[in-house]
Amino acid sequence: MWLARPSIPRSLHAGLTISSCQLKTQITNYTKMGKTSENDVTEDPALAGKRAAAYRAVDEHIRDNQIVGIGSGTTIVSAVERIVERVRAENLSIVCIPTSFQAKQLILENHLPLGTLDQYPQLDIALDGADEVDADLNLIKGGGGCLTQEKIIASCAKEFIIIADDRKDSAVLGRYWNKGIPIEVVPMAYCPVQLKIQQQLGGKAVLRMAHRKAGPIVTDNGNFILDWMFSSEPTPEWIEADRKLHCIPGVLETGLFLNMAKAAYFGTADGLVTVRTRPSS
């Protein structure tokens, strides 16, 4: 049963930690919004592109009295930055649902109202990044290891909006992203899952190892991640590949987000933003 819309005390907004700025909607202004210095764009073009895309996506999709899914990764930091500015400037009332420990901390640190799927099983919108986006708005996600929670949140949202810099815009999956398809697996099953992926789908499934920690990456759910290095000749039929992966016992979720995104915002270092929507079926 759909729960009542939230009523957020306006006093919560006074504690927000990111300073507000005058709202601007022109694409040419996005490079200047949220910058810490005039050299930010030249020093990190990817960050500038992410920020431009995030600001425009937030300006066009976030409205008062929404339940908002907050994705994970570096791109979402800029989206939350803009949400905070708008909450302060416009006195918006929203609730944020996190996709990871990182997202939860980001929400709390900026004093945005935090909710859960138990309270709000249906979301108005989810904002997230992507590792690669193809011409049909199919995605590879999970480079940060949060793919299962991210897919759950995306599936609960009426609108799923992707934010990325223009390096993530690709005609086909795998053209630029060369780190494989992330697959979250139950730890005891990672060896048989590796074997079955390679037998059934080819390529190589590699256990993702941690940095600054001995052993493999452990997800927020306590699982391991395999990165499936698929053969690009020919390009896999993604719906069928995803089905086969889900049929392997021990596989929890895959980083293939197929037919889920409504739109993708791609930003460049000079602040220009391209918006692509999913083709009509």
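In this predicted model, helix α5 supplies four residues to the lining of the second largest pocket, the largest share. That pocket has a volume of about 280 Å³. The largest pocket holds about 440 Å³ of space. Strand β12, at residues 263-267, is mostly covered.

**Second largest pocket**
- Its lining counts 17 residues, and Pro98, Thr99, Ser100, Gln149 and Ile153 lie nearest its centre.
- Two or more lining residues come from each of β2 (94-98), α4 (101-109) and α5 (147-156).
- By class, the lining has seven nonpolar, seven polar and three charged residues.

**Largest pocket**
- Here 23 residues form the lining.
- Nearest the centre lie Asp131, Gly142, Gly143, Gly144 and Trp177.
- α3 (74-90) and β9 (224-229) each give at least two residues to this lining.
- The lining divides into five nonpolar, nine polar and nine charged residues.

- Five of the five residues in β12 are buried.
- In a regular strand, side chains alternate between the two faces of the sheet.
- Ala263, Tyr265 and Gly267 point one way from β12, while Ala264 and Phe266 point the other way.
- β12 pairs with β6 (residues 157-165) in the parallel sense, over five bridges.
- Ala263 in β12 stands opposite Ile161.
- β12 also runs antiparallel to β13 (residues 273-277), with five bridges joining the two.
- Tyr265 stands opposite Val275 in β13.
- β12 and β13 form a hairpin with five residues between them.
- In the turn, Gly271 has a positive phi of about 95°.

Conventions. Residues numbered from 1 in each chain as written. Predicted model: local features only at pLDDT ≥ 70, side-chain atom pairs only at ≥ 80, totals over all residues. Heavy atoms only, no water. Buried < 20%, exposed > 50% of the residue type's maximum accessible area, 1.4 Å probe, protein only. Pairing = 2+ DSSP bridges. 1 Å grid on protein atoms, 1.4 Å probe; cavity = no way out; pocket = protein on both sides within 12 Å on 5 of 7 lines; lining within 4 Å. Points joined across faces, edges and corners; volume = space filled by probe spheres on them. Nonpolar A, V, L, I, M, F, W, Y, C, P; charged D, E, K, R; others polar.
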